[in-house]
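Thanks for coming. I will take one model today and go through its cavities and its aromatic rings.

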Amino acid sequence: MPKEKLSKRMWVSFILIGLVGQFAWTIENMYFNVFLYNTISTDPRAIAAMVAASAAAATVTTLLMGALSDRVGRRKPFICAGYVLWGISTMAFGFISVEGVAAWAGTARAASIAVALVIVMDCVMTFFGSTANDAAFNAYITDNTAPENRGRVESALATLPLISMLVIFGGFDGLTQQGRWREFFLIFGGLVTATGVLACFLLWETPREKKNGNYLSGLLHGFRPSVVRQNEKLYLALGAFCVFSIAVQVFFPYLIIYMQTYLQIEAYAIVLGVVLLVSSLISVLSGGVIDRLGKLNCVLPAAGVMLLGLTLMYFARSAGFVIASGIVMMAGYMLVTATLSAVIRDDTPAGEVGLFQGVRMIFAVLVPMIVGPFIGAAVIRNSGATYVELGVVKNVPTPAIFLAAAVVLLCTAVPVIILKRRSRK
């Protein structure tokens, strides 16, 4: 059983490996979209298709590799090898361009082939990333934490995606604005690969029993009705996280494009940097409070904060208003992530942590990243906001994406209320 007090080495492992993984996920979740929009196609359906394909790849990978890590009784090899290959596949994006495709496929089909190539490579990159991070590293965290410290751990981990965005926006966004995508991908791909090598020396393998039984049968374990009934609270928490994540994915893939094209804020990296820094600080300071008040008791208040932030973002036009609204929105986002993630870890069966990572991915990634971006794309295309550049009509995200996200977020209350009632019983 993990100790309530974590060692410094364990904290370093969680933060360092988690942060570098978030660098890669930030690039995959946000900058691949911008890369596709700016260099290949402005059709939001192409972005939605890429996000959906990546989500499917992530879910299948986590289901297969999480169960496999349970079966072999080890997480470390999956983390180390996965990070090395994750970085290499990220670097490969620096060599994709319409001009390069046109050289061997002809100009007429170059753009469509380039879109397909980006989507395929995104799935390859996601396979390695999900093996290392979603399946193995996430299970490693669950193996080495306890209910008494998960509020603090999850509050710290919830800041990592935003810290990664802060670092990338503040230090490296200029490369993308200058069109220097190759250097951008090489820098972060190299960092991820180096972290995989470092993890070989930093991580220690948690002693655990190998999972016996039929491997293919085990993959279906989490989908059996009897298992769902036995773990009712876990599936209710996953359902709440699913609805919450759909709301996030309605606006998140289009956030940078929205600030560039609709708000026309040239210094959007500074705006986002301030938002991420302040909201991350709020999340870290809230970790102890979450542990004291109870994770489940904090979910709806945190969702209320995010709902307020989304509403404010709908009306925000100036940089100052966007900063204030964004802090509220992203602070609520991180607090909901921290509380629900901790509840899910608490209710995950101890002997099947790796296996249930695939189930978690269906609720946290697959469904949200298929449904959410297409809702956002439909809102964008029906808004009628466009501009013409070099004779090409381009779609522009509008504030309606935040309003749509707010409507979806309201639905999170249903599974959370049911979960709280079940927990009292």
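In which helix is the place of Ser280? Ser280 sits in helix 12; helices here are DSSP runs of H or I with at least four residues, numbered from the N terminus. Before I go on, a word on the source. This is a predicted model, where local features need pLDDT of at least 70, side-chain atom pairs count only at pLDDT 80 or more, and totals for chains, interfaces and linings use all residues. Residues are numbered from 1 along each chain as its sequence is written, and side-chain values use heavy atoms, with hydrogens and water left out.

Back to Ser280. Is Ser280 buried or exposed? Ser280 has a relative accessible area of 5% and is therefore buried; buried means under 20%, exposed over 50%, and partly exposed in between, with a 1.4 Å probe and protein chains only. Leaving aside neighbours within four places in sequence, Ser280 is in contact with Thr159, Leu162, Ile163 and Met334, contact being heavy atoms within 4.5 Å.

Now the cavities. Rolling a probe the size of a water molecule over the atoms shows where empty space is left. On a 1 Å grid over the protein atoms alone, a cavity is a set of points where a 1.4 Å probe fits but cannot get out, and lining residues have an atom within 4 Å of a point. Points are joined across faces, edges and corners, and a volume is the space filled by probe spheres set on the points. Counted this way, there are four cavities of 30 Å³ or more.

The largest cavity has a volume of about 1100 Å³. It is lined by 46 residues, and the closest to its centre are Gln22, Asp134, Pro161, Phe241 and Arg360. The elements giving two or more residues to this lining include helix 1, helix 5 (110–143) and helix 10 (232–251). Which helix gives the most to the lining of the largest cavity? That is helix 15, with nine residues. By class, the lining has 25 nonpolar, 16 polar and five charged residues. Here Ala, Val, Leu, Ile, Met, Phe, Trp, Tyr, Cys and Pro count as nonpolar, Asp, Glu, Lys and Arg as charged, and the others, Gly among them, as polar.

The second largest cavity has a volume of about 110 Å³. Of its 14 lining residues, Leu255, Leu272, Val275, Met329 and Met330 are the closest to its centre. At least two lining residues each come from helix 6, helix 11 (255–261), helix 12 (268–293) and helix 14. By class, that lining has 13 nonpolar, one polar and no charged residues.

Last, the rings. The model holds 25 aromatic pairs; rings of Phe, Tyr and Trp (its six-membered ring) pair if their centres lie within 6.5 Å, with planes under 30 degrees apart counted as stacked, over 60 as edge-to-face and the rest as tilted. One of these is Tyr31 with Trp181, edge-to-face, at 6.5 Å centre to centre and 65° between the planes. This pair links distant parts of the chain, with Tyr31 in helix 1 (residues 8–39) and Trp181 in helix 7 (residues 181–202), 150 residues apart. Tyr31 is buried at 0% relative accessible area, and Trp181 is buried at 7%. Both belong to a cluster linked by ring pairs, with Phe23, Phe32, Phe35 and Phe93 among the other members.

Elsewhere, Trp104 in helix 4 (residues 98–105) is exposed, with a relative accessible area of 60%.

Notes
1 Å grid on protein atoms, 1.4 Å probe; cavity = no way out; pocket = protein on both sides within 12 Å on 5 of 7 lines; lining within 4 Å.
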